[in-house]
Structure formats: C-alpha cells, structure tokens
Amino acid sequence: QVQLVESGGGLVQAGGSLRLSCAASGSIVRINTMGWYRQAPGNQRELVASITSGVSANYADSVKGRFTISRDDAKNTVYLQMNSLKPEDTAVYYCNAYILSFTGTRAYWGQGTQVTVSS
C-alpha cells in the first residue's frame, strides 16, 4: 500500500508565500516523476509543476518564475515553494507521483490541500 500525504496549505494574502510538502510512504521501490496539480471550483484539474527522477522540472506558464518544485528522494518527499501568490492561485492542490511498488507502477494521488489567496 502506497500513500501520499500533503501538508502546508492555508490562507495567505496576495504577495505572500506558502510551501507545500507531499510525503510518500508504503511499499515503495522507486519514485519516478512527481508533480503538483490544482483544481479551482468549476475548473478542470491542471498541472502546476512536475519534476522527474533526474530532477528536470516543468512548470505551467502561469506559475513560472513564482513557484519552485523540488524533491528529496531520501525522504520520498516533493515540495512546492510558492512565492508572489495571487488570488487566482486559489485552489485545492494535489500531489501526484508515479511509483514503482511491489505490485507494479502506477500513479498515486494525495488527498489535496486547500490554498486560499486573499486580495
């Protein structure tokens, strides 16, 4: 059984910062690409940022230059540092990871963490 647990969401004023964390646990052999998605009310879930096992990062245009994704493979954890937050960043943020476990490779999702940016 593999689980992803997110933390770090909350309420922040525009221009502020938050750091999200997502820790994977369970019968993990290897973690491949990890990423963060978000979903605002009435919108589809969208990719915010992803990072490969080779530490190559990819960002949505809307967050480039403001958000930074990183990972600590010793802790099976991915982070999202969010700076210069805007009200339009308000959404539920979900962690995603492609994980090889004892039962094979599949995508896993966290439960989501709310980020609210006030103007």
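Which residue forms a salt bridge with Asp89, and how far apart are the closest N and O atoms?

Modeller: Some ground rules come before the answer. This is a predicted model, where local features need pLDDT of at least 70, side-chain atom pairs count only at pLDDT 80 or more, and totals for chains, interfaces and linings use all residues. Residues are numbered from 1 along each chain as its sequence is written, and side-chain values use heavy atoms, leaving out hydrogens and water.

The partner of Asp89 is Arg66, with the closest N and O atoms 2.8 Å apart. This pair links distant parts of the chain, 23 residues apart. Asp89 sits in the loop between β8 and β9, while Arg66 sits in the loop between β6 (57-59) and β7. A salt bridge here is a side-chain nitrogen of Lys or Arg within 4 Å of a carboxyl oxygen of Asp or Glu. Strands are DSSP E runs of at least two residues, numbered from the N terminus.

Both partners are buried (under 20% relative accessible area; exposed is over 50%, partly exposed in between, with a 1.4 Å probe and protein chains only). Asp89 has a relative accessible area of 0%. Arg66 has 10%.

Next comes Arg38. Arg38 forms a salt bridge with Glu46, and their closest N and O atoms are 2.7 Å apart. Arg38 is buried at 7% relative accessibility, whereas Glu46 is partly exposed at 36%. Arg38, Glu46, Arg66 and Asp89 are linked in a network of salt bridges.

Another pair is Asp61 with Lys64, at 3.1 Å between the closest N and O atoms. Asp61 is exposed, with a relative accessible area of 65%. The count comes to five salt bridges.

Now the nonpolar side. The largest nonpolar core has 30 residues. Such a core is a set of buried Ala, Val, Leu, Ile, Met, Phe, Trp, Tyr and Cys residues joined through side-chain atoms within 4.5 Å. Trp36, Leu80, Met82, Tyr93 and Ile99 touch the most other members. The largest share, five residues, comes from β9. Several other strands each supply at least two, including β7 (67-72) and β8 (77-82).

Strand β7 holds Ile69. Ile69 is buried, with a relative accessible area of 4%. Beyond its neighbours within four places in sequence, Ile69 is in contact with a set of residues that includes Trp36, Ile51, Tyr59 and Leu80. Contact means heavy atoms within 4.5 Å. Gln13 lies elsewhere: 56 residues from Ile69 along the chain, with their C-alpha atoms separated by 21 Å.

Definitions and conventions:
Helices (H or I, at least four residues) and strands (E, at least two) are DSSP runs, numbered from the N terminus.
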